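Good morning, everyone. Please have a look at the sequence and the model on the screen, and then I'll walk you through it.

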Amino acid sequence: MNAYEAYMNELATQMRSELTGRDFKSLESAEAVSEFMNNVGEDETTFVVINSTCGCAAGLARPAAVTVVEQNDKKPTNKVTVFAGQDKEATETMRAYIQQAPSSPSYALFKGQTLKHFIPREHIEGRDIQDICMDIKDAFDDHCE
């Protein structure tokens, strides 16, 4: 591992823990994503955070996701994350389920394996964190129990 890869791995570990420390399951391989998605119940909701090291958007994405998951009355059954740029195969596999243009960071909300809501990077970057939280909250209110 070269110095750049070591540095990025150290950053990613800290950024990953912002979610995993709040009970998000980190899916770090294509197999882990496939196994999770193939075993999710038809009535279960899954909130996916595609994490990223991009400071401007990801610095808002992680705190907004955690805030809504912890504070909203309606919550998803499952919370998972893949890390773009770090867990490349896992991210590609998750994006195949999402079937939207690649975007990181981003959020996806599934019911079973059906995508119900997607929030791409352009709806995160440069926005007020309260507005981002409201977008996530609205998705949860519409699709979660």
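Predicted model: local features only at pLDDT ≥ 70, side-chain atom pairs only at ≥ 80, totals over all residues.

Ile50 has a bridge partner in β4, and that partner is Ser106. Residues are numbered from 1 along each chain as its sequence is written, and side-chain values use heavy atoms, with hydrogens and water left out.

Back to the strands. β2 and β4 are antiparallel and share 6 bridges. Two strands count as paired if DSSP finds at least two bridges between them. Phe47 also has a bridge partner in β4, namely Leu109. On to β3. β2 pairs with β3 in the parallel sense, over 6 bridges.

Now, how many residues of β2 are buried? The count is 7 of 7, so β2 is largely enclosed by the rest of the structure. Buried means under 20% relative accessible area, exposed means over 50%, and partly exposed is in between, with a 1.4 Å probe and protein chains only. Thr45, Phe47, Val49 and Asn51 point one way from β2. Thr46, Val48 and Ile50 point the other way.

β4 is mostly covered too, with 5 of its 6 residues buried. β4 runs antiparallel to β5, and 5 bridges join them. Ala108 stands opposite Phe118 in β5. The hairpin of β4 and β5 has 2 residues between the strands, and Gly112 in this hairpin has a positive phi near 60 degrees.

Next, the cores. A nonpolar core is a set of buried Ala, Val, Leu, Ile, Met, Phe, Trp, Tyr and Cys residues joined through side-chain atoms within 4.5 Å. In soluble globular proteins, nonpolar side chains tend to be buried together. Here the largest nonpolar core has 22 residues, and those with the most contacts inside it include Phe24, Phe47, Tyr107 and Phe140. β2, α3, β4 and α5 each give two or more residues to this core. α3 gives the most, with 7 residues. Apart from this core lies another, of 16 residues, among them Val82, Ala90, Tyr97 and Ile98.

What does Phe47 touch, leaving aside its neighbours within four places in sequence? Its contacts include Phe24, Ala65, Val80, Leu109 and Ile136. Contact means heavy atoms within 4.5 Å.

Let's turn to α4, residues 88-98. Its buried residues are Ala90, Thr91, Thr93, Met94, Tyr97 and Ile98. Why are they on the same side of α4? They cover an arc of only 165 degrees around the axis, and that puts them on the same side. The arc is that of the directions from the helix axis to the C-beta atoms. The face turned away from the buried side carries the exposed residues Lys88, Glu89 and Glu92. The cover over the buried residues of α4 includes α2, β2, β3, β4 and β5. After α4 comes Gln99, with a positive phi near 55 degrees.

Is Asp87 buried or exposed? Asp87 is buried, with a relative accessible area of 8%. Beyond its neighbours within four places in sequence, Asp87 is in contact with Arg16, Leu27 and Glu28.

Last, the whole protein. The secondary structure comes to 5 helices and 5 strands. From the N terminus, the order is α-β-α-β-α-β-α-β-β-α. Buried residues make up 45% of the 145 residues. Among contacts between residues at least 6 apart in sequence, 72% join residues at least 24 apart.

How values were computed:
Helix = DSSP H or I, 4+ residues; strand = E, 2+ residues; numbered from the N terminus.
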